[in-house]
Amino acid sequence: MTTEPRTADERAESPQTPTGPDCAPQDATPQQPVPVWRPNTPAVATPGTVVRRQLATGLLHSADAPLTVHLTGLGCDRLETAVTPVGEGVALIEVTASAAATVRAEWRIPCVGATAYWTPDTNASRWLPPSWIAPRTVSLALGAPVASLIGADDRALCTAAAGETSAPVRVGAGVVEESGEFEFTVEQDLTPDGPPLRLRIDLSGHHFAATLRAVTAWWAEGLDHPGIAPAARMPAYSTWYSLHQNVDAAAVERQAALAAAIGCESIIVDDGWQTTDRARGYGHCGDWEPNPAAFPDPSAHVAEVHRLGLAYLLWYALPFIGRHNDAWDRFQGMILREEPHLDAAVLDPRHPEVRAYLVDKVSRAVEQWDMDGLKLDFIDRFAVTDPPPAPAGADRADVHEGVLQLLADLDTRLRRTRPDVIVEHRQPYVSPGLWPYATMVRATDCPLSPAENRQRTVDCRLVAGPLAVHADMIMWNSAETPESVAVHLLNALFSVPQVSVDLAAQSPGQLAALRFWLGVFRRYADVLQLGVLEPVRPDLGYPLVRARDHHTTVVARYAPLPVALPDRRAADGPQTLLVANADSDPVVLLTATRPEQTLALVQDCRGEILSETVLDLVAGVNSVTVPTGGLLTLTREH
């Protein structure tokens, strides 16, 4: 459905009215939205030329009233629009401008029954923000342009996404105090020959996770991802929390041997390999030369880790040039900003010399030392607010264009040597524009915070597209019980665990819990990582999460909530149900729709079998005792 261009004088325009026997009559002139107070918006900020449009979407919100999108073009006199229905309750909107302009799209729905506002912003709670808070600026290196207002039964009241995944987009939302509505805004700078403002608005009322899956499928249209190396989906060992900067070849090889024995398939060597300094900070980043005392022969060292059976990834703080590096003086005229508290500066990727230098330095890990991949840290630091104008010598006008070119050049160079190279990115740089240049994305740092690790990994899974999702490095105090170790692991169950403790210092019980649960991660990797993910109650931090495929359902219970058994008689009824208990209450309540018999296997946190029986389930509630950190396996084949 397409609307015709209108003149600048038509300030309040009527939407298109659908026709046909099933269409209810609409008011030809929708009301203007109730004005919203916005702080720090001086009148002089409005340009002389402004065009406003009201656009019918063909969608009905929860009050069964038509949804109208209000468009404002600042700096142009004409907007061209198109609305395309793409399914029940879902529409795509496209807006182009006749001149360089800032275009804002705004729409509202009744804020009825709302429980949570979901974004991929890892620092955001699930509260309903007020509409007057500043919008978040999303770009290639920071965040993703998607949000969902969630209501009862975890159904999305409205899920919205923008199609621009590289250039900055300003995404706002919040409760309108004046009217009790919830407002969404998306603002994008347009040029006549540039990409349009593209929006996907979903009022279908489906589970919010299903609506987010549909958004990632939309983003993926036309994208070509090179695929995921198998090791990227298997448990990994990281040196960061266990060794920090105290890394050398002997320590890494010792942990690699122990990690291989418990089921890890890769090791990630973090900060410290490039410096003798052990005081943290990033003043020694930028030259990217191995510390000769700690790694005298990188190639031989990597070969030994490969002999132990692990893939090898090396850490790079890609944007940083440290004050204590030879490259500091060379690039002083090519930085976006200094970060004195980190003893470093952020390089400006708009310069071809910067990109060529970084590509040459970073690719050595794969080309010369035979490593399997890279951990690329701090890409979000390229997302500078109000960057300086492109300086002399730059060949890219915008920072996001420079970042995109840098990652594309690096990817091309790496894949010449290793087509299945593994590349780790990290929250908050989760933009789908980065998917072609990454293999996996890790939850941002949350040491010793299992509930936070759970929320961040689930959030990441919901919008990660083709990428493997890794947990933040899992660590624990040496005095932790095996049950607590298992709980740490269970909070990362629907991602790839990265273990980061001194494996030589673990007790037999701690190691047994590690071996058992890493074995579960490996055995059920397909359903845990690739199955349909259905997290429950985002407003409560996902106290129960399930993943399913046609054969298996896995449920992790983080609070004393009942677990509903899938109907085995349904077309896709699974034959195996796993219930992992991460709660301190060992009484697990199973709710069944009809009586049935099933084989029930109960294991403790170490994998020891506590019981193996035929369980007679009744319609309604059934209780089974599963210890904290333990696993219940129901097999319904007989």
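Colleague: How many of the nine residues of strand β3 are buried?

Modeller: Seven of them, so strand β3 (residues 66-74) is mostly covered. Buried means under 20% relative accessible area, exposed means over 50%, and partly exposed lies in between (1.4 Å probe, protein chains only). The strands here are DSSP runs of E with at least two residues, the helices are runs of H or I with at least four, and both are numbered from the N terminus.

Colleague: Where do these values come from?

Modeller: This is a predicted model, in which local features need pLDDT of at least 70 and side-chain atom pairs count only at pLDDT 80 or more, while totals for chains, interfaces and linings use all residues. Residues are numbered from 1 along each chain as its sequence is written, and side-chain values use heavy atoms, with hydrogens and water left out.

Colleague: Back to β3, then. How many bridges join β2 to β3?

Modeller: Eight bridges join strand β2 (residues 50-60) to β3, and the two run antiparallel. Two strands count as paired if DSSP finds at least two bridges between them. To find the pairing by eye, look at V51, which stands opposite G73 in β3. β2 and β3 form a hairpin with five residues between them, and D64 in that turn has a positive phi of about 60 degrees.

Colleague: And how does β3 pair with β6?

Modeller: Also in the antiparallel sense: strand β6 (residues 101-110) and β3 share five bridges. H70 has E106 in β6 as its bridge partner.

Colleague: In which sense do β14 and β15 pair?

Modeller: Parallel, over three bridges, with β14 covering residues 236-238. Strand β16 (residues 311-317) also runs parallel to β15, joined by four bridges. I268 is a handy landmark: I268 is the bridge partner of S238, and L313 in β16 is a bridge partner of I268.

Colleague: What do β15, helix α4 and β16 make together?

Modeller: A right-handed β-α-β unit, with α4 spanning residues 298-307. Right-handed means that, with the strands pointing away from the viewer, the path from the first strand over the helix to the second runs clockwise.

Colleague: How many aromatic pairs does a search of the whole structure find?

Modeller: 15. One of them is Y282 with F320: the ring centres are 5.2 Å apart and the planes are at 45 degrees, so this pair is tilted. Y282 is in the loop between β15 and α4 and F320 is in strand β17 (residues 320-322), so the pair links distant parts of the chain, 38 residues apart. For the terms, rings of Phe, Tyr and Trp (its six-membered ring) pair if their centres lie within 6.5 Å; planes under 30 degrees apart are stacked, over 60 edge-to-face and the rest tilted.

Colleague: Are Y282 and F320 buried or exposed?

Modeller: Both are buried. They also belong to a cluster linked by ring pairs, together with W273, W288, W315, Y316, W369 and F378.

Colleague: F378, okay. What is its phi?

Modeller: F378 has a positive phi of about 70 degrees, although it is not a glycine. Most residues other than glycine have a negative phi, and most peptide bonds are trans. You'll find F378 in the loop between β20 (373-377) and α7.

Colleague: Why does F378 count as buried?

Modeller: Because its relative accessibility is 12%.

Colleague: What about D154, what is its phi near?

Modeller: D154 has a positive phi near 60 degrees. It lies in the loop between β9 (146-150) and β10 (156-162), and D154 is buried because its relative accessible area is 7%.

Colleague: Last one: which peptide bond is cis?

Modeller: The bond from Q427 to P428 is cis, with omega near 10 degrees. P428 sits in the loop between β21 (422-426) and β22 (440-442).
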